[in-house]
Each structure stands twice: as structure tokens, then as C-alpha cells.
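Hi everyone, thanks for having me.

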Amino acid sequence: MAIKPKSLLPFLLFFALFFFLATTFAIAYQREGPEQRFQQCRQRCEESGQRGEQRQQCKLQCEKRYQQEKQQRQERERGTEDREDPQERLQECKQRCYQQHQGSQKQQQCTRRCEERYSGERERGTGSNPYQGEEEEEWTQENPYVFDRQSFRHRVRTEHGHIRVLKRFDEKSNLLSGIANYRLAIFEADPHAFVLPNHGDADCVCYVVKGRGTLSVLWGEQKQSFEINQGDIFATPAGAVIYLINSDNSERLVIVKLLQPVNIPGRFENFFGAGGQNPQSFYRAFSDQVLQAAFNTPSERLERIFGKQSKGAIIRASEEQIRALSRQEGGGRWPFGGRGSESRGTFNLLRKRPTFANRHGNLHEADANDYQWLRQLDVKVTFANISSGSMTAPFYNSRSTKIALVVEGNGEIEIICPHITRQSRHKGHGHRREEEQEEEQGEGQTGQQYQNVRAQVSPGVAFVVPAGHPTVEIASSSGGRSQNLQVICFEIRAENNERIFVAGKNNVLKNLPREAKELSFDSSAREVEEVFDAQEEEGFVAGPEEWQRRGRGVEGYNILEVAAGF
Ligand SMILES: *[C@@H]1O[C@H](CO)[C@@H](O)[C@H](O)[C@H]1NC(C)=O
């Protein structure tokens, strides 16, 4: 078939437009890069009216700056990859497909989607927002609330310790977009480790899981040092210069951190002033002229200070150094409490009387009344110590989302979730579909459906429980090695939150009037009350296995049932 020139015209126009846009973007991108700045810098030297030697010097500075920037960019890219490696994510994604669809045709489809989603990323680079255009989570149907140990990525790793940061909550699932501006991190350091002074662009609530040490904080011209011990909560504000030692001779120091970035939602960085090559001191990134003038010192001497350190951000100190650094200063008062008010530097959660305590477990809680900073950050810290074979009575939080980390023991959690069922029933995205869904539900044709999101948990596993979602934590009792399940938890949006139990002696529904019970359950109120009253404990109760073993609650009931069977 002959092609008429006329029919080609739209194509030509299209291509012209495409090239125009592509070039425009390419130029815009170029303008950002170090190359472009290098050219501009050289041009400024040319135009500055300097001559000979001087102009040469000027250009050399440009060159030096360019090399530095290039190196930094490479380092940054490497850093980003380490944290958000697309290859790693591809593997995780494929793994999920396997777990969900094991060998069925769906697994292939799922794997293919993973590849489409992650494989192009290497070439595109991770410079811009790698999560842009991320699809809704629905197609993976992975457990959106549970994070295994592999979900943490190393931010700092040296011979003597490390900091691992959990991937972003909104990277995991859209259902977690409400807490996208929080990050969870775990710090661990060997005995006698020293963490170099640094500041971050995030407020932080920390909990000492084990070990002991001394934390020092520089804030303007003030300096404070605090002893920290297992069970201590402390907060550090964005921008404060912090350094830390593990002062114990044999125990590791482990700290869990909840970070709330103040610059870019969900992202935070650390800035090391004290340092050299590794950790790179930010001083090195200033131009030489500025640095010399600022320190009133020639650059050779500056180089001797800022060029040496190369052992990393967590290093080992000698015994004398540890002893000297352990000395407390400043009387243990926090210089930056709420307006005008000073507050304590630390608060020990474990020494506070538990809110719930029985043979099945203990719940310790600290809130704004215990520690000033928790008010400011609107966070509550809780520690649940659940006896082997027991469980929490099912409950939900009225406003708080719970970000939890298992620190010891094994067990299982169940979270009741209305979103997942809905998502999996409707595969489509976009507004129209969403509206349809809601209409459908509004008409009450399908009714509400809940999914039980359950998972095995072990030390190092993190999980999130959204507000309003009923949940339960069960300490495993299997095997001889019975061990308590210990969970540290940050409850965000703590103000006016109420923990509401849906079973146990304090079950919220026990307060319904008889008529409401009859109407709601379509049964006699007596029958309903018998069931609601059967559980006599509150807060923590026997877990499923223990309950079975103990002869299923009330002994008499059991005998009657057996008798009826004959
Ligand atoms: C947890 O409870 C057990 C007793 O059931 C106790 O021995 C242990 O010290 C508790 N752990 C913490 C960290 O409080």
C-alpha cells in the first residue's frame, strides 16, 4: 500500500513535538548537574576580569569543586542503592508472589508484574522519586502491616555497630500512608563503642532495649550528658548534636528509635561535623576559601583535621576514654523541654507501675504526663511483656496507630482489617471504581467484610496496627523453650487516644443496655451476658493453647458437654 505524504504529517508533527520535549527536559536536567555548575563556574572566572595566575587559580577551584561534587554524588547514589536497592526489592516482590500463589498461574503473572515494576529502575537511576507512580498495593496482597528483618536497611555499618532503618511505611502499602512521615530505626553497638557527634533533620523518641551508656547532647552553648539504661525513654530534637557511648564492658547497647523527619516527609539524614573522610565531615563540602576564612586557618592545617577520620561513624574507644565520657554533666535536666519548662532527660518505662499486670502479662506505658517530650511529639511508648502461652485481650486504639517491634520471644499477631478484602474484591484502580465501591457498600448489598491479617512474629519483626483495627498479640507456648513475647511500641497521635478492649472483664460492649444487646445480637440478653461475663481477666488472658489445655475455661461446663455427648 502506498503511503500518502499527507497521512505522514501527523506522525511528523508528533515526532517533532517529542524531540522538542525530550531536548527541553534534557537541558533542564543538565542545568541541575555538577557538570553544568562546573561550566558556569569556569565562565565566571573568565568574566571576572582576573588575569593569568589568578584566573588559573579560579579555574582550578572550579575543577576541585566539580570533582568533589561528582564524588559526593557517586557516594550518595551508592548510599541510596544500599538503602533502596531495586534489585533487592525485585527479589522481595518475587518472593511474595511465591508465598501467595505457590506455583499457580497467578504466580507467573505476579512475577511478571514485579519485573515490569522494578527492572527498569536501574537504568533510570534512583535519583528522582523511585516510588513515583507506584501502583496500589492491592495486586500483591502481601501482609501490609508486618515487616520482617529484611525490611530494615543499613544506614551505618561498622565493625563496632550499626544503624538499620525500616523502609518507608508508604513504600510498603498505601494503607500506611497516614504514617508516612514516621520512620523506625534500630541502633546497636558493641561494648565501648563511641558514636561520632552528629545531628539529624528528624525529631526522635528512643527506647533503650538493653545495655547502658551515656548520651551527650550539644544544643547551642549548652551541653548535657545522661546515663541511659534498659527501659529508658529519651527524646532528641532535630538539629541537636548527639554523641553516645556504650559504657558496659560486655553487653551490647540496643536502642529503638521512632523518627519524625522535619524536612522531607518520610526522609531524614544525619550530618556529621566532627569526622573526616568517613564519616565525611560536612565541613569538607564548604569551599576552601570560605572554610579558611571561617576558621581563620590556612587550608593545609584544616586538611589535617578534616581529612583524617576514616574508621566510620561508630568506633571503639579506650577504657580511659569511656570512663571520662561517662561522667554526667549538667545535672540530668533536659535543656529543651516545652516552652519555659524543663523536663527530665530520661524516663524509665519499666520502673513505672504497669497499667495491666496479671500472670498473663504486664503492660507498661509512658505518656505526656511522664515525659515532657512525648507531649511535644504526641507519642506514647508502651512495653508489653506477655507470658508464654498467654495473649493480650483483643483491643483497638481509638486514634493511635501503633508502630511495634518485637524485641524478644516468638508468637503470632492478628489484625482485623476491613481494607484488604475490599481491595482484593475490586481489582481496578482509579476514582470511578472507588466510588462504585463505596456506593455498593452504602447500599448494603455486600456488607462489611473483614480480613484477619495474621503473622508469626519473632525478634526484629516490626508491625503496624492502625487506629480502630482490633488486634491481638499471642505469645507462643510451643516447645520447651517457653519465653515471654516482649513488644516495644510507639503509639502515635497519642493525645485523647483510648485503648478499648473488645473482650475481657473490661469489654466495651458489656456496657450496652440489655435491650441493645438483644436487638444487636438477636438473642436473649442473658445469653449475651453469659458470654461476655465468662472471661474474668482483663488486659492479658490465657492464649488459645493454654485455654485448650486448661480444659477450656470453666471445668463444669466441660463436664456437662462431655455428659451431653454420651
Ligand atoms: C518480662 O517478664 C518476666 C516475667 O514474666 C521477667 O522475668 C522479665 O524480666 C520481664 N522483662 C522485662 C524486660 O521487664
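Let's start with a lining: by class, the largest cavity is lined by 21 nonpolar, 6 polar and 4 charged residues. In that count, Ala, Val, Leu, Ile, Met, Phe, Trp, Tyr, Cys and Pro are nonpolar, Asp, Glu, Lys and Arg are charged, and the others, Gly among them, are polar.

Before I go on: this is a predicted model, where local features need pLDDT of at least 70 and side-chain atom pairs count only at pLDDT 80 or more, while totals for chains, interfaces and linings use all residues. Residues are numbered from 1 along each chain as its sequence is written, and side-chain values use heavy atoms, with hydrogens and water left out.

So what's a cavity? On a 1 Å grid over the protein atoms alone, it's a set of points where a 1.4 Å probe fits but cannot get out, and lining residues have an atom within 4 Å of a point. Grid points are joined across faces, edges and corners, and the volume is the space filled by probe spheres set on the points.

How many cavities of 30 Å³ or more are there? The structure has 5. The largest holds about 440 Å³. Closest to its centre, out of 31 lining residues, are I163, N198, I242, K257 and N270. Strand β5 gives the largest share of that lining, with 5 residues. (Strands here are DSSP runs of E, at least two residues, numbered from the N terminus.)

Now the second largest cavity, at about 120 Å³. It has 16 lining residues, and L363, A384, T392, F395 and R499 lie nearest its centre. Their classes split into 9 nonpolar, 3 polar and 4 charged. The strands β19, β27 and β28 each supply at least two residues of this lining.

Let's stay with β27. Is it buried or exposed? 8 of its 8 residues are buried, so β27 is largely enclosed by the rest of the structure. Buried means under 20% relative accessible area, using a 1.4 Å probe and protein chains only. In a regular strand, side chains alternate between the two faces of the sheet. In β27, L485, V487, C489 and E491 are buried on one side, and Q486, I488, F490 and I492 on the other.

And its neighbours? β27 pairs antiparallel with β19 over 8 bridges, and V379 has I492 as its bridge partner. β22 pairs antiparallel with β27 too, over 7 bridges; there, I403 partners F490. Pairing takes at least two DSSP bridges between two strands.

Conventions
1 Å grid on protein atoms, 1.4 Å probe; cavity = no way out; pocket = protein on both sides within 12 Å on 5 of 7 lines; lining within 4 Å. Helix = DSSP H or I, 4+ residues; strand = E, 2+ residues; numbered from the N terminus. Buried < 20%, exposed > 50% of the residue type's maximum accessible area, 1.4 Å probe, protein only.
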